[in-house]
Amino acid sequence: MSKLWLCEGKTAEEPFWLEEEEIRIATMEELCYYLYQNIEIIEEAFFCESLFLWIEQELDQRLLAQKLRQGMEQKKSSFWYIGTILTESGYMTLEELRGIQEIAVRFDTKNSLERGKLRADRMMKHKKYKKAITEYRKLLKTAKEDGVLEKETAPIWHNMGTGYARQMLFAQGAECFEKAYQLGQQEESRRSYLISYACAKGEKTENTNLECMEKIQELQQKKQSMSHSEYEQYTYRILEQLGAEYLKSE
Amino acid sequence: MRPAEGEWYIGIELGNRWTLVSCYQYQMKEPETRGLQAGVEQYKIPTAICKKKSIGQWYLGEEAKRMLDAGNGIYLENLLEHALEDQKFQEEEICLPKDVLLIFLKKVLRLVLPAQGVKGITKCVFSLEQVTAAQTKLLEEMAEQLGLQHDQLLIQDHRESFYAYAVSQPKELWLHDVLLFDDTKDGIQLQVLTHNPKTIPQVAKVTTQQFGTLSKDALLQDQEFTKIVQESLKGRIVSSVYLTGEGFEGGWMKDSLSCICRGHRGFQGQNLYTRGACYAGMLEVHQQEAATVYFCEYKTKMHRMLKVTKGEKEYLYPIVEAGKNFHEVKKSCKVLLAQEPVLDIWMQYPGSKEAVIESLQLEGLHLEEGQRCQLFIEIAVQAQDMLIIKITDIGFGSLSSGSGKKWEFEIEGRDIS
């Protein structure tokens with residue numbers, strides 16, 4: 001059975017412009033789509049008076065804007081704003097709204113470093129690699145300033161490496177994986193480092209175990225037998241798998 | 001029922017020979033028919049136009065005739081027929097027939113326009129002898145050029161104008177059947193309005209019966225028509241009888257008139273269709289308050305709906321309502337679709353509790369779990385109550401372009417067993 005929602009709202013004459021992402025939002029449906037796709041990325045700062053004014057004037061949603069302003073006075077979380085807008089739109093099922101609540105609860109139990117990482121991981125999931133890397137860099141800086149143990153930043157380094165590798169920036173990726181391995185001593189980081197390094201340099205490295213050697217040899221063979229784009233796709237797939245495994249192991 | 005404040009209805013009885021025009025607004029007790037000369041009860045306007053030689057100006061009615069008689073003008077007749085067949089005038093080859101009809105309609109419309117002009121018209125209703133696809137297309141084209149929006153236009157036949165006129169009279173005049181004898185052309189036509197008082201709203205229909213032409217002799221004419229009236233009244237409970245058409249003029253009705261008026265209310269007039277067209281416009285706008293609903297071959301027979309969700313509630317959203325003229329159904333909407341790439345159309349007859357579902361498979365549309373796509377749906381109805389649905393996957397603006405895939409479906413009107 002399919003499920004349908006009627007789009008009854010007004011289309012804004014002046015769309016809401018998200019400068020950083022170069023995105024224009026013109027309808028309630030688009031706003032809901034954006035919020036739902038970016039639940040864990042959007043921060044409280046997104047919900048500001050200019051958004052409320054736009055909702056009020058361009059979408060003719062006066063009551064919703066009022067509710068959101070009240071939330072601002074009460075210093076509500078980004079999840080509260082997202083939940084309120086999605087509920088008012090009527091475009092979400094109860095199950096989906098419960099899912100948002102669960103994410104909010106999960107976020108509440110984490111410290112700021114973990115929250116930041118979850119946000120950046122979410123960006124990775126949505127293939128927003130550049131944005132995720134910027135976020136990871138910010139987190140590392142904050143962690144240093146706050147005196148967080150370096151060991152605890154190993155997953156951030158690893159994921160940042162994945163972000164680079166997925167953009168085919170293997171040299172930067174290898175650096176990140178190496179740092180992640182040094183700090184966390186995780187086998188996944190070492191394997192990712194070796195593969196990234198091999199992709200970047202196209203040569204064997206020291207201290208490689210048998211499994212990695214085989215992988216590197218396989219990559220070398222593929223590099224010769226495949227076209228450039230096929231080879232890139234192939235390495236990308238392997239890194240995707242490794243990334244997924246790593247995220248699962250977290 | 002009366003027009004609400006600010007409402008302005010126009011009824012145009014458009015024939016190949018004659019045209020009549022009326023308007024109806026909230027300060028009027030009933031629709032007013034307007035002629036070319038103010039204060040003169042001469043409402044019939046020949047569907048003809050005269051172009052004054054040398055200056056090229058256009059004239060209607062008596063002025064046109066005078067110009068023709070004086071040899072100063074080019075007289076063009078049967079404007080509707082020429083425009084329909086796109087047949088050039090022998091007398092005037094430069095002007096296209098459609099352009100000439102448009103000039104004529106502009107002049108006619110000017111007789112009944114509100115102060116705000118075309119924008120101020122609530123409904124402009126054309127009453128025709130017969131509604132055909134070609135006539136609908138032509139009038140839609142004309143309406144657009146006259147500045148009318150799609151929702152300001154209504155095209156119907158004289159039967160529907162008769163229905164609208166009759167049911168807009170006091171209830172006692174249409175409590176039972178209503179008869180109309182029309183002697184406009186090719187003999188006498190009987191129209192019988194019946195309605196089913198057991199349904200809410202009461203479903204009304206008009207059936208027709210054709211009789212031959214009457215004798216030219218006044219005495220024989222009266223006898224022949226008396227017979228027709230007697231035959232028509234037989235076995236029916238009739239509340240009122242209407243007479244229209246130039247054939248009933250001349251005072252020849254004696255016995256036939258007394259037969260009509262015996263136990264029924266009788267009315268005679270030449271502007272029933274144009275006034276009925278005004279009433280039809282009002283009934284269309286205020287359908288919720290109307291006690292009756294009219295069905296005929298150019299109207300949609302069933303409701304077509306989409307089952308949509310709002311929060312936790314589900315309801316049926318009508319994309320086509322029963323009782324609309326085919327040409328009126330031009331609608332579009334946007335929906336979000338999730339779970340399966342299928343669009344279900346619910347079809348139901350008015351008053352029925354049963355519905356059938358037509359499932360439209362959107363081939364090639366992939367929906368992942370929790371994902372929604374945005375579809376733009378365009379709806380139209382063609383002859384035989386055929387529903388035409390065009391669907392496009394439009395995405396979410398600059399956030400997601402969507403697949404851009406398009407689907408088109410034709411759903412035949414069907415009987416629900």
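D121(A) is buried, at 12% relative accessibility. This is a residue of a predicted model. Its salt-bridge partner is K117(A), with N and O 2.7 Å apart. K117(A) is buried too, with a relative accessible area of 10%. Why are D121(A) and K117(A) separated by about one helical turn? They are four residues apart in helix α6 (residues 112-125) of chain A. An α-helix has 3.6 residues a turn, so residues three or four places apart point the same way.

## Salt bridges within the chains

Over all chains, the whole structure holds 23 salt bridges. Side chains of opposite charge can pair when their charged atoms come close.

E188(A) and R191(A) form a salt bridge, at 3.9 Å from N to O. Helix α10 (residues 187-201) of chain A holds both, three residues apart, which again is about one helical turn. E188(A) counts as buried at 15% relative accessibility. R191(A) is buried as well, with a relative accessible area of 15%.

Chain A also has a network. E49(A), E56(A) and R69(A) are linked in it by salt bridges.

In chain B, R236(B) and D177(B) form a salt bridge, and their closest N and O atoms are 4.0 Å apart. R236(B) lies in the loop between α6 (218-233) and β13 (238-244) of chain B, while D177(B) lies in strand β10 of chain B, so the pair ties together parts that are 59 residues apart in sequence. R236(B) is partly exposed, at 32% relative accessibility. D177(B) is buried, at 17%.

| Residue | Partner | N to O distance |
|---|---|---|
| D121(A) | K117(A) | 2.7 Å |
| E188(A) | R191(A) | 3.9 Å |
| R236(B) | D177(B) | 4.0 Å |
| K3(A) | E314(B) | 4.0 Å |

## The interface of chain A and chain B

How many residues of each chain are in contact across the interface? Chain A supplies 24 residues, and chain B supplies 29. The area buried between the two chains is about 2,500 Å². Carbon and sulfur atoms give 54% of that area.

Polar contacts also cross the interface. The rule finds 12 residue pairs in polar contact there, with both residues at pLDDT 80 or more. Two salt bridges are counted between chain A and chain B. One of them joins K3(A) to E314(B), with the closest N and O atoms 4.0 Å apart.

Which elements of chain A supply at least two residues each to the side that touches chain B? They are β1 (3-7), β3 (23-25), α1 (28-37) and α5 (94-108). The residues on this side of chain A divide into 13 nonpolar, five polar and six charged.

Strand pairing also links the chains. β1(A) pairs with strand β18 (residues 330-338) of chain B. The sense is antiparallel, and the pairing runs over five bridges. Within it, W5(A) stands opposite L336(B) in β18(B).

Is α5(B) enclosed or open? 10 of its 10 residues are buried, so the helix is largely enclosed by the rest of the structure. Among these buried residues are the charged R159(B) and E160(B). The aromatic residues F162(B), Y163(B) and Y165(B) are also on the buried list.

The loop between α5 (158-167) and β10 (177-182) of chain B holds Q169(B). Q169(B) is buried, with a relative accessible area of 15%. A polar atom of the Q169(B) side chain lies 3.0 Å from the backbone oxygen of Y165(B). Y165(B) is itself one of the buried residues of α5(B). Leaving aside residues up to four places away in sequence, Q169(B) touches W174(B), Y242(B) and Y279(B).

## Chain A as a whole

Chain A has 12 helices and three strands. Its C-alpha trace spans about 65 × 45 × 35 Å along the principal axes. Of its 250 residues, 47% count as buried. Among contacts in chain A with a separation of 6 or more, 53% are between residues 24 or more positions apart.

Key. Residues are numbered from 1 along each chain as its sequence is written. Chains are lettered from A and ligands numbered from 1 in the order in which they are written. This is a predicted model: local features need pLDDT of at least 70, side-chain atom pairs count only at pLDDT 80 or more; totals for chains, interfaces and linings use all residues. Side-chain values use heavy atoms; hydrogens and water are left out. Contact means heavy atoms within 4.5 Å. Buried area is the accessible area (1.4 Å probe) that two parts lose on being put together, summed over both. A salt bridge is a side-chain nitrogen of Lys or Arg within 4 Å of a carboxyl oxygen of Asp or Glu. A polar contact is a pair of N or O atoms within 3.5 Å; within protein, one must be able to donate a hydrogen and the other to accept it, and residues adjacent in sequence count only if both atoms are side-chain atoms. Two strands pair if DSSP finds at least two bridges between them. Buried means under 20% relative accessible area, exposed over 50%, partly exposed in between (1.4 Å probe, protein chains only).
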